[in-house]
Amino acid sequence: QVQLVESGGGSVQAGGSLALSCAASGGTFSSYAMGWFRLAPGKEREFVAAISWYGVYADSVKGRFTISRDNAKNTVYLQMNSLKSEDTAIYYCAARARFIASQKAGDYDFWGQGTQVTVSS
């Protein structure tokens, strides 16, 4: 069983930056593909970014967000720059017990509790 704990959410003005972290425990982190998803009020859960050997991104965040991982620290990061009001959501970290990054939420086996990101315009 893998436990995921997100941190780093908060409130920021449009154009600002936030850095999210997701610490994993209870599994072999280096063997998992990791993903970030978000859920905004009134919308469906949306893929943001994922990483195995390399990162993949939703078109809506490409060029603004960067996903990275530190296997020594069992942590995945999401650096978010040039934030927009439409980035406001709860951000969830997910782990997939297969080392292939996926944009499909159903491909992930473990989920964190989420962290709130609020961007004011």
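**Close-up 1. F37, F47, Y108 and W111 gather in one aromatic cluster.** This is a predicted model, where local features need pLDDT of at least 70, side-chain atom pairs count only at pLDDT 80 or more, and totals for chains, interfaces and linings use all residues. Residues are numbered from 1 along each chain as its sequence is written, and side-chain values use heavy atoms, with hydrogens and water left out. Two rings of Phe, Tyr or Trp (for Trp, its six-membered ring) pair if their centres lie within 6.5 Å; planes under 30 degrees apart are stacked, over 60 edge-to-face, and the rest tilted. By that rule there are six aromatic pairs.

Close-up 2. Y32 sits in the loop between β3 (18-25) and β4 (33-39), while F110 belongs to strand β10 (residues 110-111), 78 residues apart. Strands here are DSSP runs of E, at least two residues, numbered from the N terminus. Y32 is buried at 13% relative accessibility, and F110 is buried at 15% (buried is under 20% relative accessible area, exposed over 50%, partly exposed in between; 1.4 Å probe, protein chains only).

**Close-up 3. W53 and F99 pair up between two loops.** The ring planes stand at 85° with centres 5.0 Å apart, so this pair is edge-to-face. W53 is exposed at 75%, whereas F99 is partly exposed at 22%.

**Close-up 4. The charged end of R45 sits over the ring of W111.** It's 4.6 Å from the ring centre; to count, NZ of Lys or CZ of Arg must be within 6 Å of the centre and within 35 degrees of the ring normal.

Conventions
Helix = DSSP H or I, 4+ residues; strand = E, 2+ residues; numbered from the N terminus.
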